[in-house]
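Please keep the sequence and the model in view while reading.

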Amino acid sequence: MIVIENVAVATVDASDTYHADGHVVVGDDGRIAAVGPGAAPATEGRRVDGAGCLVTPGLVNTHHHLYQWATRGLALDETLFGWLRTLYPIWGRLDAEIVGAAAGAGLGWLALSGCTTSMDHHYVFPRDGGDVLEAEIEAARRIGLRFHPTRGSMDLGHKDGGLPPDNIVETTDEALRATEAAIDRWHDPSPAAMLQIAVAPCSPFSVTERLMSEAAALARRKGVRLHTHLAETDDEEDFCRERFGCTPVEYAERLGWLGEDVWLAHGVHLDDAAIARLGATGTGVAHCPSSNARLGAGAARVRELLDHRVPVGLGVDGSASQEASHLGEELRQALYTARQRGGPTALKAREALRMGTMGGARCLGRQDDLGSLETGKLADLVLWRLDGLGHAGIDDRLAALVFGPAAPVELALVGGRPVVERGELVNADAETLARDAAGAHRRLLGRQ
Ligand SMILES: [Zn+2]
């Protein structure tokens, strides 16, 4: 048992219940045994004094490309298409050792930023690169995070009118076979799963229509979720209008890609009709405000998405298009992005926290077990320290977390198991992760 007491609690339950002074009790089964105001019930176990802290559900990262940790800091002033054209040839040299080092660093950093569950979208599989998916799954086990890697794919190379070079795409059949094999090998459908797989062809400009529609059929046959990039940039919209004669969301709908089992990365360039279709079908959106800003891609219409009951989660996106890759900071970036578009009431602090927690759990299909602090749910939670120099004196602890600087993580639990304590990783050494990632970066760029 772990008893966290003398602490502010933002539960993110259906009524946004907040206790200025409350407690959370974690049972030996890795689930929340009690949460409420005032002192904790007398129980045995480890007691954590939460004075000066706020406890929230663990943040859920809904879009990432962990391998890109090995190519941070390149193509700094490019649009998405220019950035991709620069990076594709480098990514063509990825192997399992590089991906493992990049994923270890990326996931360790995510844990330190308050993330307890992350997805990953991996879509580059060089022929002689070894088992890159296994490498990142091993990295997640090492750090201790709950992990939802997706088996991505690209089958539309340059010679067929796609954006990626031909040597880094797979055939359609190879991609489908490997995706099914990844589900069979790794996917755990149980409620407390630490590892789930989703199906994730990359984007309209790197994937054929056949792969998109057969991937959707495969995911539904296997009972797993679907993810892809959609409506990220004007270039993508132009591509869809020229090649398919419709908008990206119309294209997705035509191929069976709207529904409660689908979440889409970005959703920046959406007209009113597209937002209404996402809402009506329950299709989720991974909002990645820092990446969209870094690439100058635009600002998602988050207020309108939420008003149409679209499940919206937060994502850091790949580390090569968002070098900070800090999920805690996305709370503030999401707030600022919404307010730049819609004024100071466009998004509230509690709504930003909801996107980062329950919104993410809904995108990943884990809302029954994750995303809020309620009795019986999995004990994935973060105790944020808010009495240090950066936050002390901010009038309200939830405002301190969202409006203030990135908050130090005093304690992060995944299924009741500590993964961060006093700002340090419990299961890995941050200096070693950094050294390995720097080595992977040098090797990938041919500098050693
Ligand atoms: Zn992405």
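## Terms and basis

A residue is called buried when its relative accessible area is under 20%, exposed when it is over 50%, and partly exposed in between, using a 1.4 Å probe and protein chains only. By that rule His63, with a relative accessible area of 0%, is buried.

The model is predicted: local features need pLDDT of at least 70, side-chain atom pairs count only at pLDDT 80 or more, and totals for chains, interfaces and linings use all residues. Residues are numbered from 1 along each chain as its sequence is written, and side-chain values use heavy atoms, with hydrogens and water left out.

## The zinc site

Which residues coordinate the zinc ion? They are His63 (NE2), His65 (NE2), His229 (NE2) and Asp317 (OD), at 2.0 to 2.5 Å. Donors here are N, O and S atoms within 2.8 Å of the metal (3.2 Å for Na, K and Ca); water is not among the atoms, so sites may look incomplete. The angles among the 4 donor atoms run from 88 to 174°, and the site is irregular. Four donors count as tetrahedral if all angles lie between 85 and 135 degrees; four count as square planar and six as octahedral if opposite donors are over 155 degrees apart and all others between 65 and 115; anything else is irregular.

The spacing of the donor residues in sequence is H-x1-H-x163-H-x87-D. His63 lies in the loop between β6 (59–61) and α1 (80–91), while His229 is in strand β10 (residues 225–230), so this pair ties together parts that are 166 residues apart in sequence. Helices (H or I, at least four residues) and strands (E, at least two) are DSSP runs, numbered from the N terminus. His229 counts as buried, at 8% relative accessibility.

In β10, 6 of the 6 residues are buried, so the strand is largely enclosed by the rest of the structure. In a regular strand the side chains alternate between the two faces of the sheet. Arg225, His227 and His229 are on one side of β10, with Leu226, Thr228 and Leu230 on the other, and both faces are covered.

Two strands pair if DSSP finds at least two bridges between them. Strand β9 (residues 198–201) runs parallel to β10 and is joined to it by 2 bridges, with Ala198 opposite Arg225. Strand β11 (residues 262–266) also runs parallel to β10, through 5 bridges, and Thr228 stands opposite Leu264.

## Helix α14

Helix α14 (residues 430–444) has 15 residues, which at 1.5 Å a residue should span 21 Å; its end C-alpha atoms are 21 Å apart, which agrees. The expected span is 1.5 Å times one less than the number of residues. Its buried residues are Leu433, Ala437, Gly439, Ala440, His441 and Leu444. These pack against α1, α2 (96–112), α3 (132–143) and β17 (424–425), where contact means heavy atoms within 4.5 Å. Just after α14, Gly446 takes a positive phi of about 70°.

## Two further buried residues

Glu237 is in helix α6 (residues 234–244) and is buried at 18%. Leaving aside neighbours within four places in sequence, Glu237 is in contact with Thr247, Pro248 and His269.

Leu163 sits in the loop between β8 (146–153) and α4 (172–186), and is buried at 10%. Leu163 and Arg85 are 78 residues apart in sequence and 7.6 Å apart in space, C-alpha to C-alpha. Beyond neighbours within four places in sequence, the contacts of Leu163 include Phe81, Arg85 and Phe205.
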